Amino acid sequence: MRGTKAVWVKARSSTNHLVTGASQQKDAMGALFKVLLLTWAAGIWTPATGRGLYTENDPTALLDENNFNTTVFRSPSAWLVEFYMDWCGHCQRFAATWNALGRTVQDWSSVIKIGAVNCAEAINRALCQRNGVIFVPTLKFFQQDASASDNSPYYDGKEEASLIRSAMLKFLISHPNASNIWPFLFPLQSPVDVLTEGSTGGYLKAVIVEANENDTLAMEVILSMLPDRRVTVRRLVGGRDVTEFPSMYQVLQNGRQRLLLSGKNDTGSYISLLKQVAGETIASTTPRPTTERVTTISSKETRPRVYMQDLESGLHFAFTQEVPLHSSLKDGDLENLKAFIDVLAKYFPGRPQVHLYLQRLNNWLQGQSMVSVDQWLNQLSKLQSREASLPDTTKWVGCKGSADNYRGYPCSLWTLFHTLTVNAAAVNKYNSNWEPAEVLVAMNGYIQSFFSCHECAENFGLMAAGITTGETNKAYGIMWLWEAHNKANKRLHEDITEDPAFPKIQFPSYSACPSCHMTIPATNQDKPVWNRPGVLRFLQKMYGKENIVQDTVPVASTSRAQTKTTNPLMYMFIFVH
Ligand SMILES: Cc1cc2nc3c(=O)[nH]c(=O)nc-3n(C[C@H](O)[C@H](O)[C@H](O)COP(=O)(O)OP(=O)(O)OC[C@H]3O[C@@H](n4cnc5c(N)ncnc54)[C@H](O)[C@@H]3O)c2cc1C
């Protein structure tokens, strides 16, 4: 039926963040079994996907499977933890916000700290899964003295530092500390209470009077003044003689109040004045240097090639890191996974042992009505044999970025899906019953259910709403995906996530494919006038089975041999177009 809108099961839900705590209840045998599975899933020498988005110089604690429990649980402070994946563009952009937030809450650290976990590291997969991370970035609060079995809440608001800071304050107010070592964040009844109340000392006593209980300025000032032991600040709501809000008063020993400041809405003014009044010369604030973008490395353009190792690494990452973020696979997510594995089993142009592996995985999966994460990982491991195997490594060749957090997994996913659209059309060349949107529908199902870059899934979903089934043109899937990818390239050109060594262009460039262009564009960013038949021929050749570079994949995955990598430039002269 021509022109029908494609339908797929949309199972993704941003509220799906339940922590079951089930992993804590495993017995010793179960734990040992899991360790063995994880060892396989991680690959015995698999390198980390990247260095992570944060360093020790950033105002965020670097957390991982080894230090998470001892740092976050039973901690005297509360925590807000960001779970991210270093390859995710959305997370890369958010890193600046997270660091900006970190700098403004550094002085709050005795009460609430921030930390970050890179879920793209194989070692952290189970940690992220235990914490219900399905999308990244995910922000999760842990109260003071939290334990693993607590039902810790997620931050579900906008990604703005000021809003996250407000949410931190609301979290603190709604989770008061048990051991009374935090300052008093609740409003006092009267200004003079600041003289008698006081878990901390300080010879300058002040109150900030606000109009509403939900106002947060005073709380921010209280927390920011914590390291300055000379000052005690408290908050009040409303006041008979107060005409302007917020207003800050010094409370003298005789109970009288002296107005210090009123009507200003930035916390900085209150903090500097308190320091000044407390006798401190206002320190000249030296802003930390922000991370500059590296200058563009001019790279000689090579003809684009597809490397089997990128495709297999992408599968390895998807199967062992991304899918297992779901503690159980059921309903729409399971249907989407079945459709994805089904197109892989049919159209992945891999080596015979990988092909057999995917077919066996597909045969098993299609019969399941619900799959737990342990069953999934167990099955992945069980299916590995001499004749059927999937490499247990993640190593990028054509998708290798100029730095660790560029390219990698998302590049391999695009490459995989282009390869599948081309190979599916080739396999079904003479099949008049074949649905040309089959791969696109399966791809979107995977993206919506499993791709952990939430923003990417949303953006792709908007484009995918225009996918139609029932097209008679067998090249429909190939051309639709090429156009969709170019729309993403256009949006992301000069974005901070763009690898300067691999600028996003309207693909393919004139130099890579003159016959794809009707005119010679002055730059790679000019809107090309496409010769669509030329583009189709180019894509069929580039992503065609016979042109995929095979010799960088491990010789025998079961032997755990060290992977040999190949310089993409080596191939620029042998590509025949
Ligand atoms: C489905 C999906 C949606 C995404 N959405 C977002 C998003 O919304 N925001 C975000 O920040 N990041 C998004 N990403 C990531 C982003 O698109 C890139 O994958 C990432 O920045 C890495 O870029 P790259 O330079 O490796 O090239 P990629 O864009 O990943 O491309 C990989 C390779 O594909 C080839 N190629 C490029 N364009 C085309 C084309 N039009 N047709 C055929 N082949 C082509 C090139 O050889 C290129 O090297 C998404 C990724 C995927 C898989």
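Which strands does helix α8 lie across? In this predicted model, local features need pLDDT of at least 70 and side-chain atom pairs count only at pLDDT 80 or more, while totals for chains, interfaces and linings use all residues. Residues are numbered from 1 along each chain as its sequence is written, and side-chain values use heavy atoms, with hydrogens and water left out.

Helix α8 lies across β7, β8, β9 and β10, running at about 140° to β10; such angles run from 0 to 180 degrees between N-to-C directions of axes fitted to C-alpha atoms, for helices over the stretch in contact (heavy atoms within 4.5 Å). Helices (H or I, at least four residues) and strands (E, at least two) are DSSP runs, numbered from the N terminus. The four strands form an open, mixed sheet in the order β8-β7-β9-β10, with β8 and β10 as the edge strands. Pairing here requires at least two DSSP bridges; β9 and β10 pair in the antiparallel sense over five bridges.

Turning to the ligand, a polar side-chain atom of Trp414 lies 2.9 Å from one of the ligand's oxygen atoms, and a polar side-chain atom of Tyr543 lies 2.7 Å from a ligand nitrogen atom. Taken alone, the ligand exposes 950 Å², of which the protein buries 92% (Shrake-Rupley method, 1.4 Å probe). Helix α16 (476-492) gives the most to the shell around the ligand, with six residues.

Note on methods
Polar contact = N/O pair within 3.5 Å; in protein donor to acceptor, adjacent residues only side chain to side chain.
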